Amino acid sequence: MTVVDNLGASSTESFQVIVINRTYHITWKIASHGLFWQYPQYLDEEESIQISREITYCNMTKLIFNLTWDDDIPILGAPNDEFMFNVTSPMGPSQEESDDDQAISISFPTSGDMNEVPEDFDMGAETIEALEQILADMYTSDNGIGEWEVNITLVDAPGIINGQIDTDEGNDFIMRVSCLYYIPEITVVD
Ligand SMILES: [Ca+2]
Ligand SMILES: [Ca+2]
Ligand SMILES: [Ca+2]
C-alpha cells in the first residue's frame, strides 16, 4: 500500500486584489455655453428672417435667446426701431416678445429647469473615472435637444424728424443664445 502525501508538493498561489474603494461627494453646478446664432445681419423694415438650429447639449436647464440691436437712426437720441421675435422649442411651446428698446430676451422654460438638477449625494467607486462613467450613465438627460426655431421681424423702423423724409429703412441685429446645463463636481470624502 502506497500512501501518497502530496501536500508538500502542492503550491499555494495567492492573489492580491487591490480595490481602492473611496467615497466621493457629488454636487452639481450650472455651467454655460455661449452660442452665436446670427452675426450682425440687416433686416429691411417689415422684413422677417427664420433661423433654425439643432441644439445637442445634454442636461440643459435653460436656454436664453438674446436679440440685440443698435438703432442706426434714433429720433432725438431715443432708439425707436421695433423688433419682434419668437422662439419655438422642439417640444412644441413657443414664446413671442416685441420691444423697441434694443434688446429682447426669451428664456426656456420660463420657470423651473428644462432638466431637473439632481440632488447632491455620496457614492463609493473604485476610481474617479469609474464614478464619472456611472454619473454619465445615470444622470444624462436629453430634454431640449432638437431643432429650435427663431423668427425675427423688424416691425417698424421710424426715422422721421420734424416731418422730413423717413431715412430709416431697416436695421442690423445680433442673435445670441446661452445654454445653461448642469455638470457634476466631485470631491473625495475618504
Ligand atoms: Ca429708427
Ligand atoms: Ca422707416
Ligand atoms: Ca434703424
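# A tour of a predicted model

Start with Gln102, which is partly exposed because 17 other C-beta atoms lie within 10 Å, a count between the 12 or fewer of an exposed residue and the 20 or more of a buried one. This residue sits in the loop between β5 and β6.

**The whole chain**

Now show the protein chain as a cartoon. Its secondary structure comes to one helix and nine strands. Followed along the sequence, the pattern reads β-β-β-β-β-β-β-α-β-β. Of the 190 residues in the chain, 14% count as buried. Among contacts between residues at least 6 apart in sequence, 77% join residues at least 24 apart.

**The open sheet**

Select β2, β8, β4 and β5. These four strands form an open sheet in the order β2-β8-β4-β5, with antiparallel pairing. β2 (48-55) and β5 (94-99) are at the edges; each has a single partner strand, so one side of each has no neighbour in the sheet. From one strand to the next, the twist averages 15 degrees. As background, strands of a sheet pair through backbone hydrogen bonds, either parallel or antiparallel.

Work across the sheet from β2. Eight bridges join β2 to β8, and the two strands run antiparallel. Pick Glu54 and look across to Glu147 in β8, which stands opposite. Next, colour β4 together with β8: seven bridges join this antiparallel pair. Then move to β4 and β5, which pair in the antiparallel sense over six bridges.

Which residues of β4 are on its covered face, and which on its uncovered one? Phe83, Phe85 and Val87 make up the covered face, while Glu82, Met84, Asn86 and Thr88 make up the uncovered one. In a regular strand the side chains alternate between the two faces of the sheet.

Zoom in on Phe85, in strand β4. Is Phe85 buried or exposed? Phe85 is buried, because 24 other C-beta atoms lie within 10 Å and the cut-off for a buried residue is 20 or more. Leaving out residues up to four places away in sequence, Phe85 touches Leu67, Glu97, Ile104, Val150, Asn151 and Ile152. For a distance to check in the viewer, take the C-alpha atoms of Phe85 and Ile49: they are separated by 9.6 Å, although the two residues are 36 apart along the chain.

**The nonpolar core**

Select Phe65, Leu67, Phe83, Phe85, Val150, Ile152 and Phe173. Of the 20 residues in the largest nonpolar core, these touch the most other members. β3, β4 (82-88), β8 (146-156) and β9 each supply at least two residues of this core. The largest share, five residues, comes from β9. In soluble globular proteins, nonpolar side chains tend to be buried together.

Centre the view on Phe173. Apart from neighbours within four places in sequence, Phe173 is in contact with Gln41, Leu43, Leu67, Thr68, Trp69, Phe83 and Ile152.

**β3 and its two partners**

Now select β3 (residues 60-68). Eight bridges join β3 to β9 (residues 170-188), and these strands run antiparallel. Six bridges join β3 to β6 (residues 103-108), also antiparallel. Asn66 shows both pairings: Asn66 stands opposite Arg176 in β9 and opposite Ser105 in β6.

**Two last stops in the loops**

Go to Phe108 and Pro109. A cis peptide bond joins them, with omega about -15 degrees. Pro109 is found in the loop between β6 and β7 (121-125).

Finish at Glu46, in the loop between β1 (22-44) and β2. Glu46 is not a glycine, yet has a positive phi of about 75 degrees. Glu46 is exposed, because 11 other C-beta atoms lie within 10 Å, and 12 or fewer is the cut-off for an exposed residue.

How values were computed:
Residues numbered from 1 in each chain as written. Chains lettered and ligands numbered in written order. Predicted model: local features only at pLDDT ≥ 70, side-chain atom pairs only at ≥ 80, totals over all residues. Pairing = 2+ DSSP bridges. Core = buried A, V, L, I, M, F, W, Y, C linked by C-beta atoms within 7 Å. Contact = placed C-beta atoms within 7 Å. Axes fitted to C-alpha atoms, helices over the stretch in contact; angles between N-to-C directions.
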